Amino acid sequence: MEKYEQLLNMLMDFNKNIRFGAVSNPQGELLWHSQREGVKNIVPYEDTKQTILRAIETWKENSKITDNVGSGLYSITSYEKIKRITIPLGDGNTLFISVNNEIPSKKKTKSYGHLAEMGKILSIVDFVKSQK
């Protein structure tokens, strides 16, 4: 659990647009989660847990084609208000992140193409995974 706490803390420190992060096991049980202080839930917590379960099932289904395309690295679903990012952690667990979809310097301005800086996010994930 300590490495998941470290992972979520590092991600929250790195990117101020991350609203919520969680690590779940293959059954959808949350092993660790963090929410940015002062941020109100857009989606109720129970609905978020159901979304995580659906994401896990989607990863399981998509794993059927890994022989053809390789292992999945991440998935992003973008909505008007947020992006939801799922990343398989390689140990059967899944990282789930919710990111603001508004440009921070321009309040209430949507940025549908706003990048989630996946290279840096994956670097943090890899760093924490390499720790013993």
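This is a predicted model: local features need pLDDT of at least 70, side-chain atom pairs count only at pLDDT 80 or more; totals for chains, interfaces and linings use all residues.
**Notebook: sheet, helices and cores**

I started at one side of the sheet: strand 3 and strand 4 (residues 82–88) pair in the antiparallel sense, with 4 bridges between them.

I found 5 strands in an open sheet, ordered 2-1-5-4-3, with antiparallel pairing. Strand 2 (30–35) and strand 3 (75–78) are the edge strands, so each pairs on one side only. From one strand to the next, the twist averages 15 degrees. Reminder from class: strands of a sheet pair through backbone hydrogen bonds, either parallel or antiparallel.

Then the helices. Which strands does helix 1 lie across? I see helix 1 (residues 2–14) across strand 1 (18–24), strand 2 and strand 5 (94–100), and it runs at about 160 degrees to strand 1. Helix 4 (residues 118–130) lies across strand 3, strand 4 and strand 5, at about 40 degrees to strand 4.

Last, I checked what packs inside. The largest nonpolar core has 19 residues, and Leu7, Leu11, Ile85, Ile87, Leu95 and Ile97 touch the most other members. At least two residues of this core come from each of helix 1, strand 1, strand 4, strand 5 and helix 4. I also found a second, separate core of 5 residues, with Phe20, Ile52, Ile56 and Phe96 among them.

I went back to Leu11 for a closer look. What does Leu11 contact, leaving aside its neighbours within four places in sequence? My list is Ile18, Leu95, Ile97, Ile121 and Ile124.

Key. Residues are numbered from 1 along each chain as its sequence is written. Side-chain values use heavy atoms; hydrogens and water are left out. Two strands pair if DSSP finds at least two bridges between them. Axes are lines fitted to C-alpha atoms, for helices over the stretch in contact, and angles run from 0 to 180 degrees between N-to-C directions. Contact means heavy atoms within 4.5 Å. A nonpolar core is a set of buried Ala, Val, Leu, Ile, Met, Phe, Trp, Tyr and Cys residues joined through side-chain atoms within 4.5 Å. Buried means under 20% relative accessible area, exposed over 50%, partly exposed in between (1.4 Å probe, protein chains only).
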